[in-house]
Amino acid sequence: MEEATYISYDNAIEELRAREYPMLQGTTYLDHAGTTLYSKSLIERFSADMISNLYGNPHSASNASQLTTRRIEDIRLRLLKLFNADPQEFDLVFVANATAGIKLVMDAFREQEQGFWYGYHRDAHTSLIGVREAAAEHQCFASDAEANEWIECQDDGSGRAGLFAYPAQSNMNGRRLPSDWSRRIRTNKQAVYTLLDAAALVSTSPLDLGDAENAPDFTVLSLYKMFGFPDLGALIVRQASASVFDRRRYFGGGTVEMVVCLKEQWHAKKADSLHERLEDGTLPIHSIMALDSAMAVHQELYTSLDQISKHTTFLARMLYEGLSALRHGNDERLCQIYKDPASTYGDAVTQGPIVAFNLRNQYGGWVSNAEVEKLAAIKDFQLRTGGLCNPGGVASSLGLAPWEMRENFSAGQRCGNDNDVIRAKPTGMVRVSFGAMSTLKDVNSFVAFVREFFVQESLPIVTAPITSSVDEPPLQSRLHVESVSVYPIKSCAGFSVPRGHAWEIRREGLAWDREWCLVHQGTGAALSQKRYPKMTLIRPSIDLGKGLLRINLVGALREMTSTHEITVPLSADPRLYADEAVYKSANARVCGDSISAKTYRSSEISLFFTQALGVACHLARFSAVGDGNSSTRHSKAHLQKYQRAGAMQIPGAFPDAVSIRPGACVSKPILLSNESPILTISRSSLNRLNELIKAEGGKAAQAEVFRANIVVAENPAYPPGLEDPYAEDDWRYLQIGQQYFEMLGACRRCQMVCIDQQTAEKNQEPFVTLSKTRRFDGRVFFGEHTCHMPLGEVSSPLGQNPTITVGDAVRPFRDDEVDQNGHLHALVG
Ligand SMILES: *Cc1c(COP(=O)(O)O)cnc(C)c1O
């Protein structure tokens, strides 16, 4: 096709999209391999069908029932025809999804006399791989060459039934596998059947089963991946191979004619057609009706799968070319694209519309996918990262050996977490996939996004750290504590410690900081602002005079409840909590770690939060593990979180430095387990950040979004112009008032900093600017984890009751002010 033809089709889709896909306003959807989207017309047609017809359960004689049965048989035929499958040669079984279709086939093979041999291709989806667990013998083919060799070699003559499964298209990188394997296996291997996983292929490509002799024995697919709706799958079986199911033992309502169960045990199975034998229970009748609307509307909008294939193949080629062309200022390539050597972008026979890749920085190191994901979320790109449900394909593309995958697993790497570059190898990838309603605009905006955030134009210019000169005023009072905040309920608004009030510093952090949390009533997981941004409109405050935690609702939340304030005593009176017996083991989960928290028994309290947030939750209080003696370990949310971050160092923040403070976190393991970090940010750094944001026309960030405990600022009594942004990167210790603190490392940031703490609305800033100016080794940092150092006479008043007060003088100690052993001169001297 001519380039101009592609463009005019693309323009037509752009228009169609505005009409039919209102949900795409303001976002770029690039995860069609996950699911494509349903059109407005489809939903309207389905809804009109439902409203104007009476559909009954198919298994009876009523008119309503007959109508349902008739419709279902028509729709089954229509779907077969979509794949050019002759109903004399094929039957189609409705299943919940492609995976359910695979399992039906697996169950049939499991019943074979000698069990079965199972072979599968490396590029298989997880759902295909799982079949091996039911096989007597199994083999993974690591390449096409291996599969070809096996196909050509002599049948082993064992007589054991075999099943060879492979994807028509890889859901990982879109590579399309040879379509002649079914034919060749049928010719060469007597007892081996073929299972084709067409779930990824048919979402953007035709599948032609016109030649039944050479077609796969079993084909599975997911209809939601083709039409966006309904959530339904199909298993297409070659009639000639249907006898595999003869040994099926189970029967259920719908698949049996008569059952005798008293005295005698006897039943007669349905025998008419395969689908009648396999569709146990009531069919998802309404979903099947919706499928009719889906097929009709799809054809009206796009004419054919062939048309969609041409369009999406073009888009994938444009993306591949666009990403391949990106280079850093030093000419290093940005994108490592996982294209199969046997495939070509632009050729629909070998390559589907998916691009899987990782990004490299200008030194050739990997950019963390969690970072790509966070920025994509901020910029409203919907894409997929991680292991992509394709373990074989991902491992071979990334060069991960099985032992490495095992080790990564032990090191805490799981599908979908932050820990994604281990031993200098990525553990997952980024996947962009297109569908019928994707356009060139999606391609271009994604390439522009990658260019904007990940291309490094030149080596970063490092400003020399400011060194104190003789005539500078003494450091001691140049900085002071501008504000002190605590966050009594995890993820809810902060409480600003009033001026003139000496706030207690405890072993586990500032007093009352993250003492409480909200836990989901179903899962027991602690709620966070990332999922429930409105939590910021819950304002806790500490009333030490009355001994109460006061909780107020502000803004939009005030309309949700009849009361706008509740109070909870600060004293941990055991009678307030739910039955120990019931809740003892009910551990709240924070970031995957188990944390023990006691749930309040009052239904009034639960109702208050449940109504405010619209999610069933309880208020819970973290409990100190132990009995309050010196070995007491607190189990607060931020503590656990920090311990994980503790293993991470911050390379690249300084010229030549491998780490700001190598081993800073390692050197004090006791501190980490016993004492919590306090988060400190600098006003000068925030001002610098906001200057940059405003220069780009963005919305300045308030200090609150960083959820810091301590804001350190230049003393206003000092002449202006002395601001020293990001000086804290260099700080090793802080003296605040008469207390000492150790800086433990920079705080890694995510898109949560974009939630406006007054309105709960999401912005792009400050994350966008932070990621451009404070990203080191693919991670974004702002603020410093800090912990209190209990120094001096423990029995002295200062040692016994350490406090911090707004206005306290702050004196930082840099690395070069600390001796070889890490001791402060000031302290030793
Ligand atoms: C999506 C997909 C599956 C799984 O489909 P479900 O509908 O989730 O069961 C299997 N294989 C491939 C190739 C897929 O793309």
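The chain has 23 helices and 36 strands, where helices (H or I, at least four residues) and strands (E, at least two) are DSSP runs, numbered from the N terminus. Please keep in mind that this is a predicted model, in which local features need pLDDT of at least 70 and side-chain atom pairs count only at pLDDT 80 or more, while totals for chains, interfaces and linings use all residues. Residues are numbered from 1 along each chain as its sequence is written, and side-chain values use heavy atoms, with hydrogens and water left out.

Of the 829 residues in the chain, 53% are buried, and buried here means under 20% relative accessible area, with exposed being over 50% and partly exposed in between, using a 1.4 Å probe and protein chains only. If we take the contacts between residues at least 6 apart in sequence, 72% of them join residues at least 24 apart, and a contact means heavy atoms within 4.5 Å.

Let me turn to the interior. In soluble globular proteins, nonpolar side chains tend to be buried together. A nonpolar core is a set of buried Ala, Val, Leu, Ile, Met, Phe, Trp, Tyr and Cys residues joined through side-chain atoms within 4.5 Å. The largest one in this model has 62 residues, and those that touch the most other members are Leu79, Phe83, Phe94, Phe164, Leu291 and Tyr302. Helix H10, residues 285–302, gives the most to this core, with 10 residues. Why does the core lie between domain 1 and domain 3? Domain 1 (44–249 + 282–299) and domain 3 (307–454) both give residues to it, so it lies between them; the domain bounds come from an automatic or database domain assignment. Apart from this core lies another, of 52 residues, among them Ala316, Ile378, Phe453 and Ala708.

Staying with H10, we find that 14 of its 18 residues are buried, so the helix is mostly covered. Its end C-alpha atoms are 26 Å apart, which agrees with the 26 Å that 18 residues should span at 1.5 Å a residue; the expected span is 1.5 Å times one less than the number of residues. Tyr302, leaving aside its neighbours within four places in sequence, is in contact with Tyr9, Ile13, Leu16, Tyr21, Gln307, Ile308, Ala436 and Met437. H10 is followed by Thr303, whose phi is positive, near 60°.

Next comes helix H11, residues 305–324, which has 20 residues and reaches 28 Å from its first C-alpha to its last, close to the 28 Å expected. Its buried residues include Ile308, Leu315 and Leu319. Is Val443 buried or exposed? Val443 is buried, with a relative accessible area of 1%, and its C-alpha atom is separated by 9.4 Å from that of Tyr320, a residue 123 places away along the chain.

Now to the ligand. The residues around it, meaning those with a heavy atom within 4 Å of it, include Ala98, Asn171, Ser222 and Tyr224. A polar side-chain atom of Ser222 lies 2.7 Å from an oxygen atom of the ligand, and for a polar side-chain atom of Tyr224 the distance to a ligand oxygen atom is 2.8 Å. With Ala98 it is a polar backbone atom that is 3.3 Å from an oxygen atom of the ligand.

Asn171 lies in the loop between strand E5 (161–167) and helix H7 (181–188), and at 7% relative accessibility it counts as buried. Its side chain makes a polar contact with the side chain of Asn390 at 2.7 Å, and it also reaches the backbone oxygen of Leu388 at 3.0 Å. A polar contact is a pair of N or O atoms within 3.5 Å; within protein, one must be able to donate a hydrogen and the other to accept it, and residues adjacent in sequence count only if both atoms are side-chain atoms.

Finally, some backbone details. A cis peptide bond, with omega about 0°, joins Phe229 and Pro230, and Pro230 is found in the loop between helix H8 (224–227) and strand E8 (233–238). The peptide bond from Glu765 to Pro766 is also cis, with omega near 5°, and Pro766 is in the loop between strand E32 (739–748) and helix H21 (767–773). That loop between E32 and H21 also holds Ala760, which has a positive phi of about 70° although it is not a glycine.
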